[in-house]
Amino acid sequence: LQLISTATNDDPIERVLQGRAATTDATVTTLATVAIPASTTVHIEAHVTARRTGGAAGTAEDGAGYIIDGTYKTVAGVVTLIGALFLLYSAEDQILWDATLTISGTNVLVSVTGAVNNNITWHTTVRVWPVGS
């Protein structure tokens, strides 16, 4: 889904991205990638939901939910976080599970980390609000 205002080039746009992945260990995995263009400020809100679907560790039906906000800009080809990353909500059955926003090159990644011997299905819905010149 992409909503576009046609009034001027400076009007905010809202984009919605979704991603899904399965993990079986503690490897960091990317669920979604958001490009941060030059001369643009981008606010990102990521909702992440997880459910344990198998594996030898944990308890059947373990789950987690996260809401993470961050605002970013690109200066001279380098993406930077404006202010601080804000974890609005976190609920998890297993403390080793995690979801966050990380910078990689000119992108921001919605990244998750599971746990050893946990089969986890992860889902994210990401809302993106860029404004440029």
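Two residues are in contact when they have heavy atoms within 4.5 Å of each other. Keep that cut-off in mind for the tour.

**Before you click**

This is a predicted model, in which local features need pLDDT of at least 70 and side-chain atom pairs count only at pLDDT 80 or more, while totals for chains, interfaces and linings use all residues. Residues are numbered from 1 along each chain as its sequence is written, and side-chain values use heavy atoms, with hydrogens and water left out.

**Stop 1: Asn119**

Select Asn119. Leave out residues up to four places away in sequence, and Asn119 touches Thr23, Thr24, Arg51, Arg52, Thr53, Gly54 and Gly55. Asn119 sits in strand β9. Strands (E, at least two residues) and helices (H or I, at least four) are DSSP runs, numbered from the N terminus. With a relative accessible area of 28%, Asn119 is partly exposed. The bands are these: buried is under 20% relative accessible area, exposed is over 50%, and partly exposed lies in between (1.4 Å probe, protein chains only).

**Stop 2: the whole chain**

Zoom out. How many helices and strands does the chain have? The count is zero helices and nine strands. From the N terminus, the elements run β-β-β-β-β-β-β-β-β. Along the principal axes, the C-alpha atoms fill a box of roughly 55 × 30 × 20 Å. The chain has 133 residues, and 37% of them count as buried. Take the contacts with a separation of 6 or more: 68% are between residues 24 or more positions apart. The accessible surface is about 7,000 Å², and carbon and sulfur atoms account for 55% of it. Accessible areas come from the Shrake-Rupley method with a 1.4 Å probe; for residues, only the protein chains shown count as cover.

**Stop 3: Thr23**

Go to Thr23, in strand β2 (residues 14–23). Is Thr23 buried or exposed? Its relative accessible area is 5%, so Thr23 is buried. Show its side chain together with that of Trp122. The two make a polar contact at 2.9 Å. A polar contact is a pair of N or O atoms within 3.5 Å; within protein, one must be able to donate a hydrogen and the other to accept it, and residues adjacent in sequence count only if both atoms are side-chain atoms. Setting aside neighbours within four places in sequence, the contacts of Thr23 are Thr29, Gly114, Asn118, Asn119, Ile120 and Trp122.

**Stop 4**

In soluble globular proteins, nonpolar side chains tend to be buried together.

**Stop 5: salt bridges**

A salt bridge puts a side-chain nitrogen of Lys or Arg within 4 Å of a carboxyl oxygen of Asp or Glu. That rule gives two salt bridges.

Select Glu14 and Arg127. Their closest N and O atoms are 2.5 Å apart. Glu14 is in strand β2 and Arg127 in strand β9, so the pair links distant parts of the chain, 113 residues apart. Glu14 is buried at 17% relative accessible area, whereas Arg127 is partly exposed at 32%.

Next, select Arg51 and Glu61. Their side chains form a salt bridge (2.9 Å, N to O). Arg51 lies in strand β4 and Glu61 in the loop between β4 and β5, so the pair ties together parts 10 residues apart in sequence. Arg51 is partly exposed at 40%, while Glu61 is exposed at 52%.

**Stop 6: positive phi**

Keep Glu61 selected. Its phi is near 70°, a positive value in a residue other than glycine. Move to Asn117, in the loop between β8 and β9. Asn117 is not a glycine either, yet has a positive phi of about 60°. Its relative accessibility is 43%, so Asn117 counts as partly exposed.

**Stop 7: a surface patch**

Finish with Leu81, Leu85 and Ile103. They make a nonpolar surface patch of about 210 Å². Patch residues have over 30% relative accessible area and no salt bridge; like charges are joined within 9 Å, and nonpolar side chains (Val, Leu, Ile, Met, Phe, Trp, Tyr) within 5 Å. Ile103 is in strand β7 (residues 98–104) and is partly exposed, at 42%.
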